[in-house]
Amino acid sequence: MKNNVDGMKELWGNILICAIKDAVSIRPRTSDSYNEWRLERDKSYNWIADNSKDFQEVCIHAGIDSNFIRSHFLAGKFTSETFKKQKLRRATSSESSRRWA
């Protein structure tokens, strides 16, 4: 059974994962959802790329180095294929360099 700290880190990590998925998502097949998809994709992309205070706080709560995630994100290390091939799990600072390097 997980303790509260681990559960909270996992929750914040999942928020980060959702934002990354939104930022690298591929256009939906239905044209009526295109504008909504583009808005959400752009908001998520900018949230990470601009290194916003909220982004940094989510990373802190998740126990993840925000600079590491941001630099890998901007380098294109996270793609829609990343999420198709494997389930991205919450990374800790020490694990993340091995998994996403």
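This is a predicted model: local features need pLDDT of at least 70, side-chain atom pairs count only at pLDDT 80 or more; totals for chains, interfaces and linings use all residues.
Me: Happy to start with helix 1: how far apart are its end C-alpha atoms?
Reply: Helix 1 covers residues 4–24, which is 21 residues.

Me: Within what arc do the buried residues of helix 1 fall, seen down its axis?
Reply: The buried residues of helix 1 are Gly-13, Leu-16, Ile-17, Ala-19, Ile-20, Ala-23 and Val-24. In general, an α-helix has 3.6 residues a turn, so residues three or four places apart point the same way. The buried residues of helix 1 line one face of the helix, because they fall within an arc of 160°.

Me: Now over to Ser-44: is this residue buried or exposed?
Reply: Ser-44 sits in helix 2. Leaving aside residues up to four places away in sequence, Ser-44 touches Ala-19, Asp-22 and Ala-23. Its relative accessible area is 9%, and the cut-off for burial is under 20%. Ser-44 is therefore buried.

Me: Which residues of helix 4 make the contact with helix 2?
Reply: Helix 2 (residues 34–49) packs with helix 4 (residues 66–74) at about 125°, the axes being 9 Å apart, and the two helices are therefore oblique to each other. Helix 2 contributes Tyr-45, Ile-48 and Ala-49 to the contact. By class, the contact has 5 nonpolar, no polar and 1 charged residues. On the helix 4 side, the residues are Arg-70, Phe-73 and Leu-74.

Note on methods: Residues are numbered from 1 along each chain as its sequence is written. Side-chain values use heavy atoms; hydrogens and water are left out. Axes are lines fitted to C-alpha atoms, for helices over the stretch in contact, and angles run from 0 to 180 degrees between N-to-C directions. Helices (H or I, at least four residues) and strands (E, at least two) are DSSP runs, numbered from the N terminus. Angles under 35 degrees count as roughly parallel, over 145 as roughly antiparallel, 65 to 115 as roughly perpendicular and the rest as oblique. Contact means heavy atoms within 4.5 Å. Ala, Val, Leu, Ile, Met, Phe, Trp, Tyr, Cys and Pro count as nonpolar, Asp, Glu, Lys and Arg as charged, and the others, Gly among them, as polar. The expected span of a helix is 1.5 Å times one less than its number of residues. Buried means under 20% relative accessible area, exposed over 50%, partly exposed in between (1.4 Å probe, protein chains only). The arc is that of the directions from the helix axis to the C-beta atoms.
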